[in-house]
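Subject: Structure handover

Hello,

Here is the structure I promised to pass on. Please open it and keep it in view while you read my notes below.

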Amino acid sequence: MKKTVDVIQSMKRNGQKIAMLTAYDYPTARILNDADIDIILVGDSLGMVVLGYEDTRSVTMADMIHHTRIVARANTTCLLVADLPHQAYETAEQAVKNARALCDVGADTVKFEGNKPEIVTALVDASIPVMGHVGLLPQTSEKFRVHGRKRSEALLIADDAKALEAAGCFATVLESIPEKLGGKITKSLQIPTIGIGAGPDCDGQVLVLHDILGLFDRSPTFVKQYANMRKEIHRAVTHYKLDVQQGRFPDDGHSYH
Ligand code: KIV
């Protein structure tokens, strides 16, 4: 059965941790689906880990629609969240139009960065569930650093999260903040918090798939790498090249007779 926003929210009430990962293509989305991951995020991290850009700012609505459609084709069980990319939610009207376009190709909900309650209200009024994102905001932050170490900054982040909840977000991402602040915000909200570099006390965790698989060489320090696929793929293609060069492939078992 496909997970819904209600299921994700009930996980917080029942003390069950929420596991969220990014996916951008069909084969990895199928693996996440089969592993019963709770939430798949078609994140605009797509820009760096798949499209080869320096940051997320070059990602377009066309990119997001293309990759959301592909992931949706593979997904039958996870809640599917798609990012609204940079400059795709400058006004409430634009946000609703772009969010509808992502839902039309299979997203269940959308996520955007920052404290913009008027955008949340417009999306909720249009029956589009929305996930917030506070702390480090990759689309606009000048520096990729821990946010909220200073008391004044921590208070602002906590207020942002509260405002997003009040406006109607069903959950929010907390990115790159001290673990104490992650725990404090989590306790203060009814909606689930999904941490990325926000410590163990969040209601769930999200990481970029290419980071945990070792497919990206600029991962932040909070990432735990669970495999070294870069090394494994390099080993496989080098082996293949040698087999071709030395006439070992194709052999009898891989030829038609
Ligand atoms: O785009 C993305 O992968 C994200 C995560 C960092 C939460 O927004």
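Thr172 stands opposite Thr193 in strand E7. Two strands count as paired if DSSP finds at least two bridges between them. Helices (H or I, at least four residues) and strands (E, at least two) are DSSP runs, numbered from the N terminus.

This is a predicted model, so local features need pLDDT of at least 70 and side-chain atom pairs count only at pLDDT 80 or more, while totals for chains, interfaces and linings use all residues. Residues are numbered from 1 along each chain as its sequence is written, and side-chain values use heavy atoms, leaving out hydrogens and water.

Strands pair through backbone hydrogen bonds, either parallel or antiparallel. Here, eight strands form a closed barrel with parallel pairing, in the order E1-E2-E3-E4-E5-E6-E7-E8. The twist averages 25 degrees from one strand to the next. The axes behind that value are lines fitted to C-alpha atoms (for helices, over the stretch in contact), and angles run from 0 to 180 degrees between N-to-C directions.

Stay with E7 for a moment. On its other pairing, E7 runs parallel to strand E8 (residues 204-207) over two bridges. Gly195 stands opposite Gln205 in E8.

Buried means under 20% relative accessible area, exposed means over 50%, and partly exposed is in between (1.4 Å probe, protein chains only).

Strands E1 (residues 18-22) and E2 (residues 39-42) run parallel and are joined by three bridges. Met20 has Ile39 as its bridge partner in E2. Thr22 stands opposite Leu41 in E2. E2 also pairs with E3 in the parallel sense, over four bridges. There, Leu41 has Val81 as its bridge partner.

In a regular strand the side chains alternate between the two faces of the sheet. Look at E2: Ile39 and Leu41 point one way, Ile40 and Val42 point the other way, and all are buried.

**Helices between strands**

E6, helix H8 (residues 179-188) and E7 make a right-handed β-α-β unit. E1, helix H2 (residues 26-34) and E2 make a right-handed one too. Right-handed means that, with the strands pointing away from the viewer, the path from the first strand over the helix to the second runs clockwise.

Which residues of H8 are buried? They are Leu181, Gly182, Gly183, Ile185 and Thr186. Their cover includes helix H1 (5-13), helix H7 (151-167), E6 and E7.

**The core**

Nonpolar side chains tend to be buried together in soluble globular proteins. The largest nonpolar core in this model has 74 residues. Such a core is a set of buried Ala, Val, Leu, Ile, Met, Phe, Trp, Tyr and Cys residues joined through side-chain atoms within 4.5 Å. Ile39, Leu123 and Met131 have the most contacts inside it. Leaving aside residues up to four places away in sequence, Met131 touches several residues, among them Met20, Ile39, Val81, Phe112 and Ile194. Contact means heavy atoms within 4.5 Å.

**An aromatic pair**

There are two aromatic pairs. Tyr89 and Phe112 form a tilted one: 5.1 Å centre to centre, 50 degrees between the planes. Tyr89 lies in the loop between E3 (79-83) and helix H5 (92-104), and Phe112 in the loop between E4 (109-111) and helix H6 (117-125), so the pair ties together parts that are 23 residues apart in sequence. Rings of Phe, Tyr and Trp (its six-membered ring) pair if their centres lie within 6.5 Å; planes under 30 degrees apart are stacked, over 60 edge-to-face, and the rest tilted. Tyr89 is buried at 7% relative accessible area. Phe112 is buried at 0%.

Most residues other than glycine have a negative phi, and most peptide bonds are trans. Gln87, not a glycine, has a positive phi of about 65 degrees. Gln87 sits in the loop between E3 and H5. Ser176 has a positive phi as well, near 50 degrees. Ser176 is in the loop between E6 and H8. The peptide bond from Phe249 to Pro250 is cis, with omega near 0 degrees.

Best wishes
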